[in-house]
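Here's a short tour of one protein model, written for someone new to reading structures. Keep the 3D view open and follow along.

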Amino acid sequence: MLPLEGIKVISLEQAVAAPFASRQLADLGARVIKIERPGSGDFARDYDETVNGMSSHFVWLNRSKESLTLNIKSDDGKKIFKELLSDADVLIQNLAPGAVERLGFDNEELHAINDQLIICHISGYGSEGAYAKKKAYDLIIQADSGLLSITGTDDFPSKTGISVADIAAGMYAYSGVLSSLIKRSKTKKGTVLDISMLEALGEWMGYPMYYSVYGEKQPKRTGAEHATIYPYGPFPVKYDDMVFFAIQNEREWKNFCEHILEDPELATDERFSMNSRRVNNKEQLQPIIENALTKKSADELLSLLEENKIANAQLNTMKQFFEHPQLMKRNRWFDMETPVGPIKSLLPPTLQTKDELNLTPIPEVGEQSEPILQELGWDGEQIKQLRNNHII
């Protein structure tokens, strides 16, 4: 039996944050009914066509769900929505701020329909305050949370290459729903989660926030290097290659000086004898390190770092990650069915085998609309009428 088998989730979802949360619930066995716009569906379906004609975002986030197209603004759409919620366990939504309330479904109304319902709202800034109605996309939250102030180089800030604000919000929605299910098992009552992208990403900003507020200085933007640890980051080696490594403590620093730089006295040099001094005197230390490392090949340096138990890596492309020998050894890839044929997918980190995963194909827009409505008691003629009226 899968952990969430028997749990029914209704998700008014689009893009990344809510679909990421609901997909993880689906992975664990929950029945997730994804409500989409009639016709076009979730706009993330059209972000690109790179996965055999399907969107890379959509393929990532939407396996093991059922798709119901529904115009929830219509009277019949609202009626169907209420019917769906009457025996649901969870409602997740990340529509525009205030959209669900404008449709007549505030928290009180939702709990009047089903007092055991776990309601999870995901938005940029939360449901209250001066920013509640402000539009928010991932880049906006990366800027507003201060992430862009510490990411990039001295010359220019850079956003992260993935949607970290959306992913953070989706993760807290997912864990919040799980904890709420446990709480409901004790109280027999539903609850309301109000997940803010700003607060979710803000939780991840703890170290630079404390460093800035209590240290009274802003961490520098240092590219792939570390603002407060040195040496840490990419270093050039022979043949114009690059190796990444990180010195995390004084034992590693001593080993690095003795066995890799071949200069044991450097470890006790007062300018570099502790991390804060190495950071402060980086301009003097960096050329010493680079002069030694550029005499070694990438393979030679990686081998030495590994022998001395210093964390290291080369810069992988996404294709190299896809072919990573560790993932292959641990059997982390499985075949997932899609409307365009099977594709490779990565097992969720908490699962050990494909057998622990609830796995059904990625749905076409509205693929399960008719069987879902039949479950609710709508007959063939009524469903045909709903379709003709563009309600589904």
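## Two helices that cross: H11 and H14

Let's start with helix H11, residues 250-260, and helix H14, residues 298-307. In this predicted model, their axes sit 10 Å apart and the two helices pack at an angle of about 135°. Angles over 145 degrees would count as roughly antiparallel and 65 to 115 as roughly perpendicular, so H11 and H14 end up oblique to each other. The crossing of H11 past H14 is right-handed.

Who does the touching? On the H11 side it's Phe256, His259 and Ile260, and on the H14 side it's Leu301, Leu304 and Leu305. Sorted by type, the residues of this H11 and H14 contact come out as 5 nonpolar, 1 polar and no charged.

## Another pair: H1 and H8

Now hop over to helix H1 (residues 17-27) and helix H8 (residues 164-187). Here the axes are 7 Å apart and the packing angle is about 40°, which makes H1 oblique to H8. H1 also goes past H8 in a right-handed crossing.

From H1, the residues in this contact are Ala17, Phe20, Ala21, Gln24 and Leu25. Their partners in H8 include Asp166, Ile167, Met171, Tyr174 and Leu178. The tally for the contact of H1 with H8 is 11 nonpolar, 2 polar and 1 charged.

## The sheet

Next, find the strands. In general, strands of a sheet pair through backbone hydrogen bonds, either parallel or antiparallel. In this model, 6 strands make an open sheet with parallel pairing, and the order runs S3-S2-S1-S4-S5-S6. Strand S3 (65-69) and strand S6 (192-196) are the edges, each pairing on one side only. On average, neighbouring strands of the sheet are turned by 20° against each other, ignoring direction.

Zoom in on strand S1 (residues 8-12) and strand S4 (residues 90-93): they run parallel and are joined by 4 bridges. Isoleucine 10 sits opposite leucine 91 in S4. Helix H3 (residues 75-86) packs on the sheet too, touching S1, strand S2 (31-36), S3 and S4, and its direction makes about 145° with that of S1. Helix H9 (residues 197-204) also packs there, touching strand S5 (118-123) and S6, at about 65° to the direction of S6.

Leaving out neighbours within four places in sequence, arginine 278 is in contact with several residues, among them Tyr230, Glu250, Trp253, Phe272 and Leu285.

Notes:
Residues are numbered from 1 along each chain as its sequence is written. This is a predicted model: local features need pLDDT of at least 70, side-chain atom pairs count only at pLDDT 80 or more; totals for chains, interfaces and linings use all residues. Side-chain values use heavy atoms; hydrogens and water are left out. Axes are lines fitted to C-alpha atoms, for helices over the stretch in contact, and angles run from 0 to 180 degrees between N-to-C directions. Angles under 35 degrees count as roughly parallel, over 145 as roughly antiparallel, 65 to 115 as roughly perpendicular and the rest as oblique. A crossing is left-handed if the near helix is turned anticlockwise from the far one by less than a right angle, and right-handed if clockwise. Contact means heavy atoms within 4.5 Å. Ala, Val, Leu, Ile, Met, Phe, Trp, Tyr, Cys and Pro count as nonpolar, Asp, Glu, Lys and Arg as charged, and the others, Gly among them, as polar. Two strands pair if DSSP finds at least two bridges between them.
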